[in-house]
Amino acid sequence: MISSKFSVAALVAGALALGACTQQGGGILAQPGDPNQRTKNGALIGAASGALIGALAKDDNRGDGALVGAVVGGALGAGIGYNLDKQEAELRQQLGSNIAINNTGDRLIVTLPNNLLFATDSTAVSPTLQGDLRALAQNVQLYANSTLQIIGHTDSDGDAAYNQTLSEGRARSVGNILVANGVPQGRIQTFGRGENQPVASNLTPEGKAQNRRVEIVILPNPA
């Protein structure tokens with residue numbers, strides 16, 4: 001007879017492996033063009049987390065705990081994934097094509113290019129993107145159960161300390177626009193990363209342009 005410890009370990013490992021496959025965008029469950037893929041991913045990730053929590057519960061019947069945890073976690077994860085899919089689709093209709101939206105399955109990352117947001121060495125938000133920020137503010141108020149992390153980034157030109165301060169100021173400026181358009185201050189966190197988290201090479205003008213950005217990370221809150 002298979003021990004309950006082995007059963008729990010197998011359940012947790014299997015759920016985590018499936019979640020990892022979907023997070024990487026590949027694996028046997030990946031379906032190109034599937035509009036529900038993120039919802040499925042959320043369910044798998046939630047199941048993995050729930051199984052682990054259930055398995056670690058201080059209860060003699062840990063196998064049952066892991067199973068119940070997987071079911072509950074999967075349902076919660078599927079709900080989060082569904083809402084993110086829906087919010088992503090709406091944002092793609094509401095925001096300009098120059099704004100990138102990445103749905104990772106557990107969060108949305110909205111990337112705003114600095115060349116449209118700010119003049120050189122400035123923290124004043126350009127009128128060019130204020131309309132998009134107003135649209136974003138209206139959208140996130142419809143999905144109120146989330147936290148917004150606003151993260152400023154620069155390229156490596158100039159002094160690192162100055163870039164850090166500049167990135168912090170730009171993140172705050174974007175946050176202020178959202179607050180002015182109805183987003184509660186308590187939902188917003190602002191950070192500056194300066195030149196420390198490039199997404200491209202700082203050796204080319206094209207790479208530097210990609211590194212100069214503000215990211216708005218929409219994180220669903222735990223139920």
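## What covers helix 6

In this predicted model, the buried residues of helix 6 are covered by elements that include helix 4, helix 5, strand 3, strand 4 and strand 5. Helices (H or I, at least four residues) and strands (E, at least two) are DSSP runs numbered from the N terminus, and contact means heavy atoms within 4.5 Å. The buried residues are N163, L166, S167, G169, R170, A171, S173, V174, G175, I177 and L178; buried stands for under 20% relative accessible area, exposed for over 50%, and partly exposed for what lies in between, with a 1.4 Å probe and protein chains only.

How far apart are the end C-alpha atoms of helix 6? They are 30 Å apart, which agrees with the 30 Å that its 21 residues should span at 1.5 Å a residue. The expected span is 1.5 Å times one less than the number of residues.

Helix 5 covers residues 127–142, and its 16 residues reach 24 Å from first C-alpha to last, close to the expected 22 Å. Its buried residues are L129, D132, L133, A135, L136, A137, N139 and V140.

Q130, L133, L136 and A137 of helix 5 meet V174, I177 and L178 of helix 6. Axes here are lines fitted to C-alpha atoms, for helices over the stretch in contact, and angles run from 0 to 180 degrees between N-to-C directions.

Five strands form an open sheet in the order 1-2-5-3-4, with mixed pairing; two strands pair if DSSP finds at least two bridges between them. Strand 1 (100–103) and strand 4 (188–192) are at the edges with a single partner strand each, so one side of each has no neighbour in the sheet. Ignoring direction, neighbouring strands are turned by 20° against each other on average. Helix 6 (residues 160–180) packs on this sheet and touches strand 3 (146–153), strand 4 and strand 5 (213–220), its direction making about 160° with that of strand 4.

Strand 1 pairs with strand 2 (residues 108–113) in the antiparallel sense over four bridges, and A100 is opposite T111 of strand 2. Strand 3 is mostly covered, with seven of its eight residues buried. Eight bridges link strand 3 to strand 5 in the antiparallel sense, where H153 faces R213. Strand 3 and strand 4 run parallel and are joined by five bridges, with L148 opposite I188.

## The whole chain

The protein has seven helices and five strands, following the pattern α-α-α-β-β-α-α-β-α-β-α-β along the sequence. Of its 223 residues, 42% are buried. Among contacts with a separation of 6 or more, 69% join residues 24 or more positions apart.

One backbone detail is worth a look: D121 has a positive phi of about 65° although it is not a glycine. D121 is in the loop between helix 4 (114–117) and helix 5.

## Notes on the numbers

Residues are numbered from 1 along each chain as its sequence is written, and side-chain values use heavy atoms, leaving out hydrogens and water. As this is a predicted model, local features need pLDDT of at least 70 and side-chain atom pairs count only at pLDDT 80 or more, while totals for chains, interfaces and linings use all residues.
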